[in-house]
Amino acid sequence: MATFPESLSTEVNVPLRDVVGNRELALDVVPETVRPGALDLPVRWAHVSELEDPAPYLLGGELILTAGVNLPERIDRYVRGLRDAGVTALGFGLTPSVHETLPESLRRACARRGLPLLVVPSRTPFLAVNRAVSVALTEAGQRDQRRITAARETLTRAAGGGLGELTSALAAVLRSWVALVGAGDVPAAAHDAPAPLPPSVRELMATVRAGSGIRSATTENGGGFVVVQPVYPQATASHLVVVGRARRLDGAERAILAVGAALLGLVGRAGSDTAELGAAATGLLLGRTSPGEVARALLGSDVVRLVAGAAYRRGPDEAAQRPDWLRARLDTPLVSVAPGRFVAVAGAVPLPVLEDLREYGWLAAVGSPVPASGAASAGAEVELLLSRARALGRPVVAGSGPPDFDALLDPAAARGFASKALEPLVALDEAGDRSLVLTLRTWLAHHGGWEPTAAELGVHRNSVRHRIAQVEKALGVDLADPETRMRLWFALRWVSGP
């Protein structure tokens, strides 16, 4: 089984046969260099190069044009380099001043390496080939855009009919079988998909689930091709879209699949979350359901983690600020979003998900696992972890570092110490809204740095200095003492946040 990771890029290309079939160019294909399927390979652009070794400067998918001005003596190495660089074909231009005929050594090397070789007659300038490829790419891009637009409209209309109708519509648009597969590899919806799915397909699904980010992968299976992609926007979701058919998907079809995956993910979440959340909330309000039962219904476990996030650097874009976007990313319906912040109650949150959030402008922290009934008491911990995340510039997960000495302490005693230690600051904050507890927490998280603390709080550094002086006066301590800093950091770990 061969597995190929694939980008969701919709970069336009045209098959080599379209370039060869352009009669105005009069290109001559050297038959022995063309293996089965070679004329269907994509051409992304045509490029002229007379370098002895152009391979390091290529991206793949090129039609390389050369007159053989600097054709090296080690011709097989030259051809092998082009092939390894992903070149689609080599066009050799005949010209009386350089090569009047095709060098036999080049013919043999291309045949041996399986690199399609085209002979460009002297009456066809390379510029004409470049222009023909450019025109073909433009026309292909316009056709692809029309296909994508029509498919998007079709799939959007089908989404109103639920998962089954949407799955059938996607299968019709792609001329393929389609399966939406959930946890345990159980199809949530399918159209003409084999049952059960072949072992090679299940292996591919496991590979995709083990990755991170928005991606897809393709494998050859039974003479055809199968594509597996997570539903979007939940790039690490348990639900995958599986598509199979006789030939590979082209760029436009991959874009259509991305649209279908997005709609399947959103339709699936909307249906399940609304029903489950409504039933759980009703039972909780009527006293028939415990917090643990709610968590089991919505998250599959009565042990939860509190997740807090804050805007990072430029902040999240418009899509990433939507609750449905965060619900899908964190795989939980329990998400609350405010300007520049969010908090969620979730199950397991893998680190790749947190890295993905940071890519989209959210810096997040995950608290320790707690019973659902104790989720409210986990707020102080996750706020402190979020302060650390801001100071470090990366996500922070409780328990992912060295063993925590807090586990050796009695929680009630620790909270009592924290409340007593910070009581003067809390009283001043409640009396005059001075934000002393928040300033102390942020300042300690930044290791006493005035500038980063001021930047995070949105105040002048002199304001930070003034507040820290108030903290020292109120507590009767010297914050230059590392022992004092350690005790106050511990207190902040246990006291309820402001």
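## Close-up views of a predicted model

The chain folds into 16 helices and 19 strands. What you see here is a predicted model. The chain has 498 residues, and 45% of them count as buried. Among contacts in the chain with a separation of 6 or more, 66% come from residues 24 or more positions apart.

**View 1. Helix α2 packs against helix α3.** Two packed helices are described by the angle between their axes and the distance between the axes. Here, α2 covers residues 75-84 and α3 covers residues 104-113, with an angle of about 40 degrees and axes 9 Å apart. That angle makes α2 oblique to α3. The crossing of the two helices is right-handed. On the α2 side, look for I75, D76, V79, R80 and R83 at the contact; on the α3 side, the partners are S105, L106, A109, C110, R112 and R113. Sorted by class, the residues of this contact are 5 nonpolar, 1 polar and 5 charged.

**View 2. The buried residues of helix α2 and their surroundings.** Staying with α2, we can turn to its buried residues: I75, D76, Y78, V79, G81 and L82. An α-helix has 3.6 residues a turn, so residues three or four places apart point the same way. The buried residues of α2 pack against strand β6 (62-66), strand β7 (89-93) and helix α3. After the helix comes G86, whose phi is positive, near 85 degrees.

**View 3. F342 and W362 form an edge-to-face pair.** A pair of aromatic rings is described by the distance of the centres and the angle of the planes. A search of the whole structure turns up 4 aromatic pairs. In the pair shown here, the ring centres of F342 and W362 are 5.0 Å apart and the planes stand at 90 degrees, so the arrangement is edge-to-face. The pair links distant parts of the chain, since F342 belongs to strand β16 (residues 341-346) and W362 to strand β17 (residues 362-366), 20 residues apart. F342 has a relative accessibility of 2% and counts as buried. W362 is buried too, with a relative accessible area of 1%.

**View 4. W443 and W450 form a tilted pair.** These two rings lie 5.5 Å apart, centre to centre, with 40 degrees between their planes, and the pair is tilted. Are the two partners buried or partly exposed? W443 is buried, at a relative accessible area of 3%. W450, at 24% relative accessibility, counts as partly exposed.

**View 5. Helix α11 meets helix α16.** Helix α11 spans residues 379-392 and helix α16 spans residues 482-494; their axes come within 7 Å and cross at roughly 130 degrees. The two helices are therefore oblique to each other. To find the contact, look for A380, E381, L384 and R388 of α11, together with W489, L492 and R493 of α16. By class, this contact has 4 nonpolar, no polar and 3 charged residues.

View 6. With a relative accessibility of 24%, E472 counts as partly exposed. Leaving aside neighbours within four places in sequence, E472 is in contact with V477, D478, L479 and A480. Another residue to look for is L440, 32 residues away from E472 along the chain; the C-alpha atoms of the two are separated by 10.0 Å.

**View 7. The loop between β10 and α6.** A cis peptide bond joins A195 and P196, with omega at about -5 degrees. D192 also has its place in the loop between β10 and α6. Phi of D192 is near 60 degrees, a positive value in a residue other than glycine. At 65% relative accessibility, D192 counts as exposed.

**View 8. R313 in the loop between β14 and α9.** Our last stop is R313, which lies in the loop between strand β14 (303-311) and helix α9 (323-330). R313 is a residue other than glycine with a positive phi, near 55 degrees. Its relative accessible area is 75%, and R313 is exposed.

Conventions. Residues are numbered from 1 along each chain as its sequence is written. This is a predicted model: local features need pLDDT of at least 70, side-chain atom pairs count only at pLDDT 80 or more; totals for chains, interfaces and linings use all residues. Side-chain values use heavy atoms; hydrogens and water are left out. Axes are lines fitted to C-alpha atoms, for helices over the stretch in contact, and angles run from 0 to 180 degrees between N-to-C directions. Helices (H or I, at least four residues) and strands (E, at least two) are DSSP runs, numbered from the N terminus. Angles under 35 degrees count as roughly parallel, over 145 as roughly antiparallel, 65 to 115 as roughly perpendicular and the rest as oblique. A crossing is left-handed if the near helix is turned anticlockwise from the far one by less than a right angle, and right-handed if clockwise. Contact means heavy atoms within 4.5 Å. Ala, Val, Leu, Ile, Met, Phe, Trp, Tyr, Cys and Pro count as nonpolar, Asp, Glu, Lys and Arg as charged, and the others, Gly among them, as polar. Rings of Phe, Tyr and Trp (its six-membered ring) pair if their centres lie within 6.5 Å; planes under 30 degrees apart count as stacked, over 60 as edge-to-face and the rest as tilted. Buried means under 20% relative accessible area, exposed over 50%, partly exposed in between (1.4 Å probe, protein chains only).
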